[in-house]
Every structure is written in C-alpha cells, then in structure tokens.
Amino acid sequence: MARIAGVDIPNEKRVDISLRYIYGIGPTSASKICAQTGIAPETKTRDLTDATAGKLKGVLDNYAKSFA
C-alpha cells in the first residue's frame, strides 16, 4: 500500500478512488488533484512511480494548507 498524507491507500484501486480514503477528499477533490498532477484517474495506485507519488504528496500538502 502507498502511504500518502498519513493514510495507507489501496494499491488495487484507481488513483481517484484511492485518494478518497484520505479524510476530506471526495470525488471532486480527487479529480482536481489528478488533473493538477497530470495523473490519469484510471491509473492503478500500484502503477504509480516514486516521482508521481511525490507529486501527489506535494499537491495534497498544498491542498491541506489552503484550508488551514
């Protein structure tokens, strides 16, 4: 399992679905995050490289700061 924002997200699901396991991320937010990172929403989480996982973490950090 990938660990993003302190949450283990499932490897066998699509990225847009997996992001919803993070508290505060719903379908709309997950779609926006995928668009910002350039990751296709239908990509499986297990297929993410370290670079793309890093992009997700960076966007999620900025996303969290915008609500703080």
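Predicted model: local features only at pLDDT ≥ 70, side-chain atom pairs only at ≥ 80, totals over all residues.

**Overall form and charged pairs**

The chain has 68 residues, and its radius of gyration of 11 Å agrees with the value near 11 Å that a compact globule of this length would have. That radius is taken over C-alpha atoms, and the globule rule is 2.2 Å times the number of residues to the power 0.38. Residues are numbered from 1 along each chain as its sequence is written, and side-chain values use heavy atoms, with hydrogens and water left out.

Along its principal axes, the C-alpha trace spans about 30 × 20 × 20 Å. There are three helices and two strands, in the order β-β-α-α-α along the sequence. Helices (H or I, at least four residues) and strands (E, at least two) are DSSP runs, numbered from the N terminus.

Of the contacts between residues at least 6 apart in sequence, 50% join residues at least 24 apart; contact means heavy atoms within 4.5 Å.

How much of the chain is buried? Buried residues make up 32% of the 68. The term buried means under 20% relative accessible area, exposed means over 50%, and partly exposed lies in between, with a 1.4 Å probe and protein chains only.

I turn now to the charges. Side chains of opposite charge can pair when their charged atoms come close. The whole structure holds four salt bridges, each being a side-chain nitrogen of Lys or Arg within 4 Å of a carboxyl oxygen of Asp or Glu.

In one of them, Arg3 meets Asp8 at 3.1 Å, N to O; Asp8 is partly exposed, because its relative accessibility is 38%.

Another joins Glu12 to Arg46, with the closest N and O atoms 2.5 Å apart. Glu12 lies in the loop between β2 (7-9) and α1 (15-18), and Arg46 in the loop between α2 (27-37) and α3 (50-67), so this pair ties together parts 34 residues apart in sequence. Glu12 is exposed at 53%, whereas Arg46 is partly exposed at 45%.

Arg14 and Asp16 also form a salt bridge, at 2.9 Å, N to O. Finally, salt bridges that share partners join Glu12, Arg46 and Asp47 into one network.
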